[in-house]
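Please look over the sequence and the structure below before reading the notes. The briefing goes topic by topic.

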Amino acid sequence: MTDRAPRPRRSDFVAWRRATTRWRDDDAYGHLNNATYYELFDTAVNAHLYEATGLDVRAQPEIGIVAETSCRYFREIGFPAPIDMGLVVERVGTSSVVYRIGLFQGPDGGPDEEAAAEGRFVHVYVDNTRGPGDRPVTPLPAAIRAAVEPLLRS
């Protein structure tokens with residue numbers, strides 16, 4: 001028997017965003033394509049950073065690069081219903097942030113509604129002044145730390 005984390009619920013997440021699904025998001029089997037889940041995770045994290053910092057996070061001297069992602073799938077979702085993306089921060093380190101993103105689709109079932117999928121997304125901050133191939137790890141910028149610490153939940 002494995003020790004699996006419980007299926008996340010709406011109440012486990014702090015920040016919210018809604019995404020509109022598109023016809024092309026579904027695969028040949030009629031459910032959301034796996035790659036689209038990862039696009040949603042990326043959008044949830046970076047949209048929060050843009051809004052919370054007011055900065056173009058791509059143009060900063062330190063940028064977050066994706067070091068790890070994963071997804072746990074619980075049930076099918078897809079076009080045409082919108083998807084609610086819940087965001088929470090699991091850990092803030094010296095140079096990294098670990099996010100969890102819950103995907104919910106359908107009528108809002110309240111705080112106990114279970115996620116259709118949950119992503120794990122790790123940003124590691126690197127020096128953006130030298131260019132690709134020469135980006136050493138750098139401490140988390142103060143603006144990013146201020147944007148993610150309010151999302152921390154154990």
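**Contacts of D84**

D84 touches R10, W16, R17, R18, G102, L103 and F104, leaving aside residues up to four places away in sequence; contact means heavy atoms within 4.5 Å. This is a predicted model, in which local features need pLDDT of at least 70, side-chain atom pairs count only at pLDDT 80 or more, and totals for chains, interfaces and linings use all residues. Residues are numbered from 1 along each chain as its sequence is written, and side-chain values use heavy atoms, with hydrogens and water left out.

**D84 in its strand**

- D84 sits in strand β3; strands (E, at least two residues) and helices (H or I, at least four) are DSSP runs, numbered from the N terminus.
- D84 counts as buried because its relative accessibility is 9%, and buried means under 20% relative accessible area (1.4 Å probe, protein chains only).
- The side chains of D84 and R10 are joined by a polar contact of 2.8 Å. A polar contact is a pair of N or O atoms within 3.5 Å; within protein, one must be able to donate a hydrogen and the other to accept it, and residues adjacent in sequence count only if both atoms are side-chain atoms.

**Helix α1**

- At the start of α1, a side-chain oxygen of N33 comes to within 2.9 Å of the backbone nitrogen of A35.
- Buried residues of α1 include T36, Y37, L40 and F41.
- The buried residues of α1 pack against β1 (15-19), β2, β3, β4 (96-104), β5 (117-127) and α2 (142-148).

**A cis peptide bond**

- The peptide bond from F79 to P80 is cis, with omega near 15°.
- P80 lies in the loop between β2 (62-73) and β3 (83-92).

Definitions and conventions: Buried means under 20% relative accessible area, exposed over 50%, partly exposed in between (1.4 Å probe, protein chains only).
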